[in-house]
Amino acid sequence: MRENVFVFRVRYAETDQMGIAHHGNYLTWFEMGRSSLCREWGKPYASWEDEGVFLPVVEASCRYKSPARYDEELSLHTSVEQVKPHSVTFKYRLYRGDKLLAEGKTRHAFATPDGKLIRGGHPLIRWLEERSTERP
């Protein structure tokens, strides 16, 4: 499965008094990973919107294994786990070096700008399927 690796540092504003990253930031980091993946694969998220396809989050999960701390360099591995006619599921694994800190998933519906569900038939589904299965 093809994945994107996005490297970043935990910012001070993302931590509590103990220097530990707040749990709510992980979903923001997942979004950064999704955006990086789409950009690396040649179609930034803004171009999806230009084509009339929006990706609202319909489900999100995160399993925390070890805390991330201020100024640590982290690598977020993002991949497409599943593409269906009406949704796409992204998978995330967050590491500090070789240590897995968290893993999660987000599922996104394909929707029109006015929020109506798109049930297949648009070229972005095929694009996602092709990119997620090709070798890097």
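**Close-ups of a predicted model**

**View 1. Strands S3 and S4 side by side.** S3 and strand S4 (residues 87-96) pair up antiparallel over eight bridges; here two strands count as paired if DSSP finds at least two bridges between them. Helices (H or I, at least four residues) and strands (E, at least two) are DSSP runs, numbered from the N terminus. Three residues make up the hairpin that joins S3 to S4. Look for Gln 82, which sits opposite Thr 89 in S4. This is a predicted model: local features need pLDDT of at least 70, side-chain atom pairs count only at pLDDT 80 or more, and totals for chains, interfaces and linings use all residues. Residues are numbered from 1 along each chain as its sequence is written, and side-chain values use heavy atoms, with hydrogens and water left out.

**View 2. S3 and its other partner, S1.** Strand S1 (residues 3-9) runs antiparallel to S3, joined by seven bridges. Val 5 faces His 77 of S3 across the pair. Eight of the 11 residues of S3 (residues 73-83) are buried, so the strand is largely enclosed by the rest of the structure. Buried means under 20% relative accessible area, exposed over 50%, and partly exposed in between (1.4 Å probe, protein chains only).

**View 3. Helix H1.** H1 (residues 25-40) has 16 residues and reaches 22 Å from its first C-alpha to its last, close to the 22 Å expected at 1.5 Å a residue; that expected span is 1.5 Å times one less than the number of residues. Its buried residues include Tyr 26, Trp 29, Phe 30 and Leu 37. After H1 comes Gly 42, with a positive phi near 100°.
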